[in-house]
Amino acid sequence: MTDAVAAAVAERFTALYGAEPDGVWAAPGRVNLIGEYTDFNDGFVLPLALPHTAVAAVRRRDDGVLRLHSADVDGGVVQLRADDLAPPADGGGGWAAYPAGVVWALREAGHPVGGADVHLASTVPTGAGLSSSAALEVVTALALNDLYALRLSGDRLAVAAQRAENAFVGVPCGIMDQTASACCTQGHALHLDTRDLTRRQVPFDLAAHGLELLVVDTRVKHALGDGAYAERREGCEAGARALGVRALRDVPYAGLADALASLGDERTRRYVRHVVTENHRVERVIAHLDDGAPRAVGPLLTEGHASLRDDLRVSCAELDLVVRTANAAGALGARMTGGGFGGSAIVLVESAASDTVTKSVGAAFESTGLTPPRVFPALPSPGALRLA
């Protein structure tokens with residue numbers, strides 16, 4: 001993130017509101033290396049922040065008025081009152097529900113947050129499974145934390161941002177996306193225990209091993225609010241109840257066969273199998289990274305994709321095409337990342353094979369009449385911070 005970006009966002013803020021902002025903040029999107037659909041099961045995840053960010057220029061207001069503007073959405077300034085904020089009855093509200101929901105969540109938690117003028121601009125691709133919504137939430141939370149001297153830690157800001165998305169926007173997401181945006185550090189992946197929010201920064205320097213992690217944005221848009229995500233969450237919670245555990249995180253990998261044999265519903269068995277094996281994959285990936293053996297991560301990515309495709313059934317033809325084509329072209333492993341039903345895949349490659357794999361995936365899309373995907377390296381970047 002450059003000073004020029006912060007200056008440009010601040011300049012646009014001044015043009016909109018007729019005064020300079022109190023500051024400029026940024027929060028990144030994320031890509032998840034492994035640990036999908038585990039966060040709402042109290043499980044383990046391993047995301048890393050991307051260099052793509054949501055940037056917010058913000059000025060505090062003491063009259064309770066909340067004015068919101070986005071450079072990325074057609075339309076003017078949305079004006080609300082902090083005292084009047086309430087979750088929309090239909091879960092609607094458009095893009096403004098994300099920052100407005102953060103104000104509401106902080107106030108609901110007892111924090112003395114009033115009004116603000118906000119101008120947002122984001123480079124996180126929307127609908128790509130890279131947490132563009134979490135970036136909007138976290139950058140808003142960080143700015144308000146500073147301007148109202150709340151002194152909240154990054155993980156507490158993430159909790160408020162998650163509450164905004166769950167209760168205000170209406171998407172029953174877990175805590176991973178917001179914590180990654182708030183708490184990741186440069187050059188590391190974040191090992192997060194989503195039950196107690198303990199975390200460890202795991203060194204993730206693929207370049208030192210001659211490797212790259214590519215993000216392949218299929219440009220197929222998904223919407224987690226369409227009920228599919230909520231249905232998987234409900235199914236996992238039903239599985240935990242049937243097994244008599246607090247969450248599927250409490251089903252040990254060694255006891256998986258017995259757990260599955262006790263379940264009569266085929267859908268529940270599939271969901272339980274995915275979550276338990278995915279938590280185990282997170283542990284295996286971290287062990288390989290700690291041992292300095294990142295190439296061994298590749299097969300676990302592909303194994304994870306098969307589980308997401310066959311057990312959780314959240315993949316799609318375009319994501320399967322990326323994984324199949326990349327692996328055939330020499331990738332070490334690949335999988336969908338994020339909520340699925342479109343969005344992005346990640347591909348672990350030898351740096352020398354990066355161009356070959358990228359071209360092969362592009363050619364596969366072209367041959368099937370699909371819009372070419374957008375491919376870029378996942379560079380582990382800093383979490384949310386104040387720019388100016």
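This is a predicted model: local features need pLDDT of at least 70, side-chain atom pairs count only at pLDDT 80 or more; totals for chains, interfaces and linings use all residues.

Colleague: OK. So is Leu308 buried or exposed?

Modeller: Leu308 has a relative accessible area of 0%, so it counts as buried. Its place is in helix α9.

Colleague: What does Leu308 touch?

Modeller: Leaving out residues up to four places away in sequence, Leu308 touches Glu36, Tyr37, His274, Arg313, Val314, Ser315, Arg335 and Met336.

Colleague: And how far is Leu308 from Glu234, C-alpha to C-alpha?

Modeller: Those C-alpha atoms are separated by 16 Å, and the two residues are 74 apart along the chain.

Colleague: Back to the helix. How do α8 and α9 pack?

Modeller: Helix α8 (residues 266-290) and helix α9 (residues 298-312) pack at an angle of about 170°, and their axes are 10 Å apart. Angles over 145 degrees count as roughly antiparallel, so that is what α8 and α9 are to each other.

Colleague: Which residues make the contact?

Modeller: On the α8 side they include Arg270, Tyr271, His274, Glu278 and Val285, and on the α9 side Leu300, Glu303, Leu308 and Asp311 are among them. By class, this contact has five nonpolar, five polar and eight charged residues.

Colleague: Switching to the core. Which residues have the most contacts inside the largest nonpolar core?

Modeller: Leu33, Leu46, Leu213 and Val347 do, in a core of 119 residues. Helix α3 gives the largest share of this core, nine residues. There's also a second, separate core of 10 residues, with Ala10, Tyr17, Ala26 and Ala121 among them.

Colleague: What's around Leu46?

Modeller: Beyond its sequence neighbours up to four places away, Leu46 touches residues including Leu33, Ile34, Leu190, Val202, Ile286 and Leu289. Asn32 and His191 are among its contacts too.

Colleague: Which of its residues are buried?

Modeller: The buried ones in α4 include Asp155, Leu157, Ala161, Glu165 and Phe168. Their cover includes α2 (97-108), α3 (132-147), α5 (176-183) and β8 (199-203). After α4 comes Gly170, with a positive phi near 100°.

Colleague: Which residues other than glycine have a positive phi?

Modeller: Leu197 is one of them, at about 65°, and Phe341 is another, near 55°. Most residues other than glycine have a negative phi.

Colleague: Where are they, and are they buried or exposed?

Modeller: Leu197 is in the loop between β7 (188-193) and β8, and it is buried, with a relative accessible area of 15%. Phe341 is in the loop between β10 (333-337) and β11 (344-350). Phe341 is partly exposed, at 25%.

Colleague: Last one: what about Thr38?

Modeller: Thr38 is in the loop between β1 (23-32) and β2 (44-45). Its relative accessible area is 0%, so Thr38 is buried. Apart from residues up to four places away in sequence, Thr38 touches Gly43, Phe44, Val45, Thr194, Val275, Glu278 and Asn279.

Note on methods:
Residues are numbered from 1 along each chain as its sequence is written. Side-chain values use heavy atoms; hydrogens and water are left out. Buried means under 20% relative accessible area, exposed over 50%, partly exposed in between (1.4 Å probe, protein chains only). Helices (H or I, at least four residues) and strands (E, at least two) are DSSP runs, numbered from the N terminus. Contact means heavy atoms within 4.5 Å. A nonpolar core is a set of buried Ala, Val, Leu, Ile, Met, Phe, Trp, Tyr and Cys residues joined through side-chain atoms within 4.5 Å. Axes are lines fitted to C-alpha atoms, for helices over the stretch in contact, and angles run from 0 to 180 degrees between N-to-C directions. Angles under 35 degrees count as roughly parallel, over 145 as roughly antiparallel, 65 to 115 as roughly perpendicular and the rest as oblique. Ala, Val, Leu, Ile, Met, Phe, Trp, Tyr, Cys and Pro count as nonpolar, Asp, Glu, Lys and Arg as charged, and the others, Gly among them, as polar.
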